[in-house]
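Student: Hi! Could you walk me through this structure while I look at it?
Tutor: Happy to, let's open it up.

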Number of protein chains: 2
Amino acid sequence: MISIVILGTGNVAKHLFDAFTAQIGTEIIQVYGRSPNALSYFKNHLNTTSDLSNIKEADIYLIAISDDAISAVSKFLAAKKGLIVHTSGSIPMNILPHKHRRGVLYPLQTFTADRKVDFKEIPICIEAENKEDYELLNEVGSTISDKVIQLDSDQRKALHLAAVFANNFTNHMYHIAQEICVQNDTPFELLFPLIKETAAKIQDLTPFIAQTGPACRSDSGTLEKHLTQLKNKKHKKIYTLLSESILKTYGKKL
Amino acid sequence: MISIVILGTGNVAKHLFDAFTAQIGTEIIQVYGRSPNALSYFKNHLNTTSDLSNIKEADIYLIAISDDAISAVSKFLAAKKGLIVHTSGSIPMNILPHKHRRGVLYPLQTFTADRKVDFKEIPICIEAENKEDYELLNEVGSTISDKVIQLDSDQRKALHLAAVFANNFTNHMYHIAQEICVQNDTPFELLFPLIKETAAKIQDLTPFIAQTGPACRSDSGTLEKHLTQLKNKKHKKIYTLLSESILKTYGKKL
């Protein structure tokens, strides 16, 4: 049985806690949270603490807190024998204490409170400094996911940046689409099957081949009409820049 | 049995042809295509023609050709008794011949050759000038889809513009994400579960609530690091503009 202490009380911490407690092979023995209130989610299940000097001995310390705080919190664990692991996409492993066993376990997904996700499908990107720690992280990751993969800090950083485009910016596109629908008294829900198919399509075709629309076929008439339709200046700028980028991608000009 | 002539041989025409021929209640009696070669897909099934003066009498003429050509082709049908219908999102109904029965049947989806879609889920947006023609289009649309909805030309135009953001621009975000992965020797496929969840999430939460990421929480450190990571100038511009737009949406500043 691999013992784990989770440090953090946010969405990633909660989702990891739920995933690990639903499995055998690992045991969460403690959760640390700066604020006692934030610990209420975990209190009924196990030992919690708000005191960093009270952290128990464990095989793995899983730091799931905001990027800015990882370095400071990890220093409190420097005297422990267990493996110190953070869960951030954009932070390199070497921010953790030198001369200590350290690693990364980064679940690549967007976590929202009160929304269940299927952890089995979520890629868990792991990094460590030696074979034994890789094996430990692989064993731990495999209890909750079918896709555990080794990535170094540079690859993980690239993946995190790519995820901003594939998730954050994509979601903002949905937001603008909804604004346009609301302003024109048209149900946004009509776009759901299109949004679903757009996401599904690129699992079979590359996004390069899957691209459609007026910019891709350099249909200047429709591009002009759309710009006239858009009332919001920021939306106009986004429409223009992204259309230019698509035109350039396909080696086309207006 | 409602008889239909399809004018057009592209992806929309083919997908509509496949959907209607799989149903009872409608019969495709002819397909028109400018180029005889493009008609080969339909030839084994029914009468085809490349001559606009040879179009048969039918209850409905379904024009599924490029936007620019709709007006010209529809003029050849002005003497017919049947309902003339185009299938375009961005073109108003009144581009079709005046003093003729006319309407629109717009299936809101992205159609790719050789890729099956479940038509039952695709919203079919219909428009007509009188109750009888609305009923006819509703009957025809309902044979292939569970979601037939009345939208006027302005609403349809707005929906088409919103679809550019939700589909074309979203797909371009996937493309950039893939470029970043490829440049950094990281498998793009790792993003598939994230992309799927991003699309699924907004069916339960609004995109406004679903938004996550550095811009949304005005995390200037990560935003700066990402801009340093991006080598492509166009990607930098897109990252900056979309992050600004997200910051503004959440009333935040750096």
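**Two chains in contact**

Tutor: Let's begin with a salt bridge: the side chain of Glu244(B) meets that of Lys234(A), at 3.5 Å from N to O. Keep in mind that this is a predicted model.

Student: Okay! How many salt bridges are there between chain A and chain B?
Tutor: The count is eight salt bridges between chain A and chain B. The two chains also have 31 residue pairs in polar contact, counting pairs with both residues at pLDDT 80 or more.

Student: Which elements of chain A touch chain B, then?
Tutor: Those giving two or more residues to that side of chain A are α5 (153-183), α6 (192-201), α7 (207-210), α8 (220-229) and α9. The largest share comes from α5(A), with 25 residues.

Student: And what kinds of residues are on that side, by class?
Tutor: On the side of chain A that touches chain B you'll find 43 nonpolar, 28 polar and 15 charged residues.

Student: How many residues does each chain bring to the contact?
Tutor: Chain A brings 86 residues and chain B brings 86 residues. Between them the chains bury about 8600 Å², and 66% of that is on carbon and sulfur atoms. Three residues supply 8% of the area that chain A buries against chain B, more than any other three: Arg115(A), Phe165(A) and Leu190(A).

Student: Let me pick one residue. Where does Ser245(A) lie?
Tutor: Ser245(A) is in helix α9 of chain A, which covers residues 233-249.

Student: Is Ser245(A) buried or exposed?
Tutor: Ser245(A) counts as buried because its relative accessibility is 4%, and the cut-off for buried is under 20%.

Student: What is Ser245(A) in contact with, leaving aside its neighbours within four places in sequence?
Tutor: Ser245(A) is in contact with His172(B), Lys234(B) and Ile238(B).

Student: Changing topic: how many aromatic pairs are there over all chains?
Tutor: A search of the whole structure finds 18 aromatic pairs. One of them joins Phe165(B) and Phe169(B), edge-to-face, with 5.0 Å centre to centre and 85° between the planes.

Student: How are Phe165(B) and Phe169(B) placed in their helix?
Tutor: They are four residues apart in helix α5 of chain B (residues 153-183), so about one helical turn separates them. Phe165(B) and Phe169(B) are both buried.

Student: Which residues form an aromatic cluster in chain A?
Tutor: Phe17(A), Tyr41(A) and Phe42(A) form one aromatic cluster.

Student: Last one! How many residues of helix α6 of chain B are buried?
Tutor: Eight of its ten residues are buried, so helix α6 of chain B (residues 192-201) is mostly covered. Among the buried residues of α6(B) are Phe192(B), Leu194(B), Glu197(B) and Lys201(B).

Student: And what do the buried residues of α6(B) pack against?
Tutor: They pack against α5 and α6 of chain A, along with α5 and α7 of chain B.

Key:
Residues numbered from 1 in each chain as written. Chains lettered and ligands numbered in written order. Predicted model: local features only at pLDDT ≥ 70, side-chain atom pairs only at ≥ 80, totals over all residues. Heavy atoms only, no water. Buried < 20%, exposed > 50% of the residue type's maximum accessible area, 1.4 Å probe, protein only. Contact = heavy atoms within 4.5 Å. Buried area = accessible area lost by both parts, 1.4 Å probe. Salt bridge = Lys/Arg side-chain N within 4 Å of Asp/Glu carboxyl O. Polar contact = N/O pair within 3.5 Å; in protein donor to acceptor, adjacent residues only side chain to side chain. Nonpolar A, V, L, I, M, F, W, Y, C, P; charged D, E, K, R; others polar. Phe/Tyr/Trp six-rings, centres within 6.5 Å; stacked < 30°, edge-to-face > 60°.
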